[in-house]
Amino acid sequence: MKVIVVGAGVVGTMHAWHAVERGHEVVHIEREAEARGASLRNFGQIWVSGRAGGEELDTALRARELWEGIGARVPGLGFRAIGSLTPVRNDLERAVAEAAAARPDAAARGYELLTADEARAVNPALRGEFEAALWCERDAAVEPRTAQLALREALLATGRYTFLPDREVREVVGERAVRDDRGEVHGGDAVVLCTGAWLSGLVREVAGEIPVRRVRLQMMQTDPLGEPLTTSVADADSFRYYPAYASGALDALNAGQAQDPTAAAHRMQLLMVQRLDGGLTIGDTHEYEHPFAFDTLEDPYEHLTRVVESFLGRPLPKVRRRWAGVYAQCVDTTRVVHRQKVRDGMWLVTGPGGRGMTCSPAIAETTANELGW
């Protein structure tokens with residue numbers, strides 16, 4: 001069987017991975033020299049802790065299992081089973097963490113409420129003031145800027161994978177073929193369009209208006225911290241953002257503790273992961289209204305800096321990079337992904353939102369299973 005995959009972000013690359021794993025030949029087409037979108041501009045978190053119970057959590061847990069297995073075979077992914085800590089500062093925030101730790105699926109997530117001293121034993125870099133922390137053992141991390149490159153190297157070594165960069169797919173030809181902007185036709189037994197936040201052009205032509213929106217974010221990365229940050233770190237604003245934390249305690253938090261005005265204005269929560277070089281990836285914001293700004297704003301970065309420094313109990317290292325990114329998200333955010341048959345033998349897979357890095361191995365596995373690869 002020959003599979004044509006369009007789009008070399010993490011979702012497309014994982015589709016190529018599963019096809020090759022099942023013995024098929026893959027032609028992988030990317031319009032840039034290499035992927036440059038949200039698949040690189042994220043935390044590299046395999047983020048189980050905040051996922052909604054049911055399908056979303058099941059997908060994240062399966063993806064976590066797949067990431068670990070692939071990471072053992074492809075060291076360049078930088079897979080680390082580091083877990084996460086969400087420090088809480090007062091009774092309202094603590095009550096949300098307690099409610100999460102009491103969920104029926106808490107054990108599957110690896111939830112445990114730790115005292116401040118227990119949290120510092122897990123992550124000694126957290127020297128700031130907080131009362132307790134929610135630990136999630138199942139969270140992990142990979143290196144987002146190099147993961148696709150490492151996966152591609154492993155795919156190329158199989159002899160059943162061809163990567164064609166700098167080619168924009170412009171046209172569908174028949175049922176199972178596409179034509180690129182060099183005029184070459186690429187056909188096979190199946191075509192999967194994993195176009196990320198590119199929702200116009202060919203995507204609109206073959207799929208029409210789909211229930212997927214684009215979301216913009218801002219993030220940053222620092223110089224090396226100079227010590228290990230042994231877990232990823234979130235703050236209590238993540239309780240407001242992620243569906244796993246919905247509870248009466250969260251309602252009380254929202255009613256009794258106003259969110260910082262900058263965080264509220266930019267729909268923010270803190271997420272922080274240490275890179276293999278020691279730097280910290282920190283974010284993020286969420287912008288939904290079009291047209292998106294073309295510049296980055298400083299207030300969110302200043303807010304994130306204050307929050308991080310309050311947890312670390314020390315100044316943040318110099319910021320090395322700031323960037324913005326755009327990802328595609330299902331308008332119905334309870335949906336893990338938008339998977340649509342657009343022609344016989346041709347499917348569009350997009351819209352995982354901020355779950356893309358976490359869930360992509362399981363999303364691609366489900367596609368492969370449903371298509372009978």
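Visitor: Why is Trp373 called buried?

Guide: In this predicted model, Trp373 has a relative accessible area of 11%, and since buried means under 20%, the residue falls in that class. Trp373 is found in the segment after H12, and, leaving out residues up to four places away in sequence, it touches Met1, Val3, His15, Ala19, Arg22, His24, Ala190, Val192 and Ala368.

Visitor: How far apart are Trp373 and Arg64, in sequence and in space?

Guide: The two residues are separated by 309 residues in sequence and by 22 Å in space, taken from C-alpha to C-alpha.

Visitor: How do you know whether Thr358 is buried or exposed?

Guide: Thr358, which lies in helix H12 (residues 356-371), has a relative accessible area of 1%; the limit for buried is under 20%, so Thr358 is buried. Apart from neighbours within four places in sequence, Thr358 is in contact with Gln45, Ile46, Trp47, Arg51, Ala60, Ala63 and Trp67.

Visitor: What makes the approach of Thr358 to the backbone nitrogen of Trp47 a polar contact?

Guide: A polar atom of the Thr358 side chain lies 2.8 Å from the backbone nitrogen of Trp47, and a polar contact requires a pair of N or O atoms within 3.5 Å, so the distance meets that requirement.

Visitor: Why is the pair formed by Tyr241 and Tyr242 called edge-to-face?

Guide: The structure holds four aromatic pairs, and in the one formed by Tyr241 and Tyr242 the ring centres are 5.0 Å apart while the planes make 85°.

Visitor: What makes the buried residues of helix H9 line one face?

Guide: The buried residues of H9 (residues 248-256) are Ala249, Leu250 and Leu253. Seen down the helix axis, these buried residues fall within an arc of 100°, so they line one face of H9. Gly248, Asp251 and Ala255 are exposed on the other side of H9, while the buried residues pack against helix H3 (91-101) and helix H8 (237-241). At the start of H9, a side-chain oxygen of Ser247 comes to within 3.3 Å of the backbone nitrogen of Ala249.

Visitor: Why are S5 and S17 said to stand at the edges of their sheet?

Guide: Eight strands form an open sheet in the order S5-S6-S4-S14-S15-S16-S13-S17, with mixed pairing. Strand S5 (111-115) and strand S17 (319-330) each have a single partner strand, so one side of each is left without a neighbour in the sheet. On average, and with direction ignored, neighbouring strands of this sheet are turned by 25° against each other.

Visitor: What makes both faces of S16 covered?

Guide: Leu280 and Ile282 on one side, and Thr281 and Gly283 on the other, are all buried. S16 runs antiparallel to S13, to which three bridges join it, and the bridge partner of Met220 is Ile282 in S16. With S15, the pairing is also in the antiparallel sense, over four bridges, and Leu271 stands opposite Gly283 in S16. S15 and S16 form a hairpin with five residues between them, and in its turn Gly278 has a positive phi of about 95°.

Technical notes: Residues numbered from 1 in each chain as written. Predicted model: local features only at pLDDT ≥ 70, side-chain atom pairs only at ≥ 80, totals over all residues. Heavy atoms only, no water. Buried < 20%, exposed > 50% of the residue type's maximum accessible area, 1.4 Å probe, protein only. Helix = DSSP H or I, 4+ residues; strand = E, 2+ residues; numbered from the N terminus. Arc of directions from axis to C-beta. Contact = heavy atoms within 4.5 Å. Polar contact = N/O pair within 3.5 Å; in protein donor to acceptor, adjacent residues only side chain to side chain. Pairing = 2+ DSSP bridges. Axes fitted to C-alpha atoms, helices over the stretch in contact; angles between N-to-C directions. Phe/Tyr/Trp six-rings, centres within 6.5 Å; stacked < 30°, edge-to-face > 60°.
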